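This report goes through some backbone features and a chain contact of the structure shown below.

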Amino acid sequence: MLEALQLPFMQRALVAGVLVGAVASYLGVFIVQRRLSFLGDGLAHAAFAGVALGLLLGTQPLYVAVPFAVAVALAITWVRERTNLGEDTTIGVFFALSVALGVLFMSMRQGYSADALSYIFGSILTVTAADLWAVAALAALLLALLPLWSRWAYATFERELALADRLPVLRQDYALSALVAVVTVMSVKVVGIVLIAAFLVIPAATSRLLSPTFARMTLLAVAIGVLSSLLGLFLSYSLDTPSGATIVLTQTALFLLALSLRGRS
Amino acid sequence: MGALAVQTFDLGVRFGDFQALYGVSLAISPGSFVAIVGPNGAGKSTLLKVLLGLDPGNLRDGEARLTGRAEVFGQAPRALPPGWVGYVPQVKSFDRSFPALALEVVVSGLRRAWPFRITPHEREVATAALEQVGAAHLAGRRLGRLSGGELQRVYLARSLVRRPRLLMLDEPATGVDAVGEADLYRHLEAYQQQSGATVLMITHDWEAASHHASHVLLLNRTVIAYDLPAVALCHECLSRAFGHVGHAHSAPVIR
């Protein structure tokens, strides 16, 4: 096991996994409590369309995927605020649009699309130094935004009371969904488009089962996110299984453990 | 001379093609205890939300337009220091799945943000507010484990903790048993007596309205009557507000 840590690609994978686990779980607590779990799925598919467009244009796919997913996230939030369609419906519309666009872009591209598969299923072992810097920059941004926790939490708790206390709740909605979009795209390499929503939802849901307060839920979710990335990567290395799927299965195992602990108490 | 607690000038709110409120002109003196009575869809909650200073877009899903003007203590509601106003929303809108302790809910009213850690001073002030409504024993209880009446008290403590000059309550007696309701009015009256605050309370309970309120506002998309309880709750006014009184009795209960 220890010799694995000597390998540069494994070191990068571990750092990327830990950062993505921490960042996604932190945002996940707001997503789960705001009942926006489906947003992660919708934005993962927006990331797919963005990656497909990037591959079609022949640029670094993430350069296109980030603005594309952020635009979809803002559009979802805008439609949600302006209409009385539920968020599930709004996300469903943009989800379908993104998949359709993704398929279209892929079909327009000539040649073999093996590289696209590495985005769909993730391949953490191909994480480059540049990918790592991008994830680290995102983690630093969220660290800088940490003082906003108490305002985001307040609006998550009771939107109307936060509005009555003059909090910029609408701006928060846009900021949160844009951040989720960025996190989703950044995590694509690590876990893959198919599974990224798990990073946003499962650690936060697990933590919710065990936490009496929102502060505790936040801390525990981040811990679970980091732990399951580490554990999953080591399992994936020693069992020779796909990294993204192994991490998500580790998260699910912890979720089931939390369920059974809760059942007993 | 102090300004009036609440004053509205030809206030109207329109949701799409539905006129929720029109021609509402009110003058409520400081220290009044106003019971707001009216059928479902009469615009009672909408009126409170306008006085809270919510943007028209946030009154309800979709577009809304505000006409006329509202003033609270002589200022536009949005310009008012938020600490002056306490608000207890409808119990059915409370989200009990949020992981929180009753004490944290009260501290959020003090801080106007969610507490990560509670300072000793905040704990003291919030506990005192809970004590004030006879709910000190609930401080460490999780939201999900509170009954409707207990939750209502925690929210009342949350609104009182900032010592508001205007207290607005949206159907505070819903989901509360008879004893709890009597307690609720006792706590409200006690707070009002020591602070001189103005209270606006939406209720479906005319009995309580006539008993505890200094004034009754009978509302059905516009002001039907604003007067002393005995005058505003006369048979003729009620039938104007509710269509006919026999029907009105069953309508509020369903909600």
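## Backbone and contact features

B:Phe73 sits in the loop that connects strand E4 (64-72) with strand E5 (85-88) of chain B. The model is predicted. Phi of B:Phe73 is positive, near 50 degrees, although the residue is not a glycine. Most residues other than glycine have a negative phi. B:Phe73 has 20 C-beta neighbours inside 10 Å and therefore counts as buried.

Chain A holds another such case. A:Arg166, also not a glycine, has a positive phi of about 65 degrees. The loop that holds A:Arg166 runs between helix H9 (159-164) and helix H10 (169-191) of chain A. A:Arg166 is partly exposed, because 15 other C-beta atoms lie within 10 Å.

A positive phi is also found in B:Gly16, near 60 degrees, in the hairpin of E1(B) and E2(B). The table lists these phi values.

| Residue | Phi |
|---|---|
| A:Arg166 | about 65 degrees |
| B:Phe73 | near 50 degrees |
| B:Gly16 | near 60 degrees |

The hairpin has two residues between its strands. Strand E1 (residues 6-15) and strand E2 (residues 18-28) of chain B run antiparallel and are joined by seven bridges. Within this pairing, B:Leu11 stands opposite B:Val24 in E2(B).

How many residues does each chain bring to the contact? Chain A contributes 23 residues and chain B contributes 22 residues. On the side of chain B that touches chain A, 13 residues are nonpolar, four are polar and five are charged.

Methods:
Residues numbered from 1 in each chain as written. Chains lettered and ligands numbered in written order. Predicted model: local features only at pLDDT ≥ 70, side-chain atom pairs only at ≥ 80, totals over all residues. Helix = DSSP H or I, 4+ residues; strand = E, 2+ residues; numbered from the N terminus. Buried ≥ 20, exposed ≤ 12 C-beta atoms within 10 Å, placed from the backbone. Pairing = 2+ DSSP bridges. Contact = placed C-beta atoms within 7 Å. Nonpolar A, V, L, I, M, F, W, Y, C, P; charged D, E, K, R; others polar.
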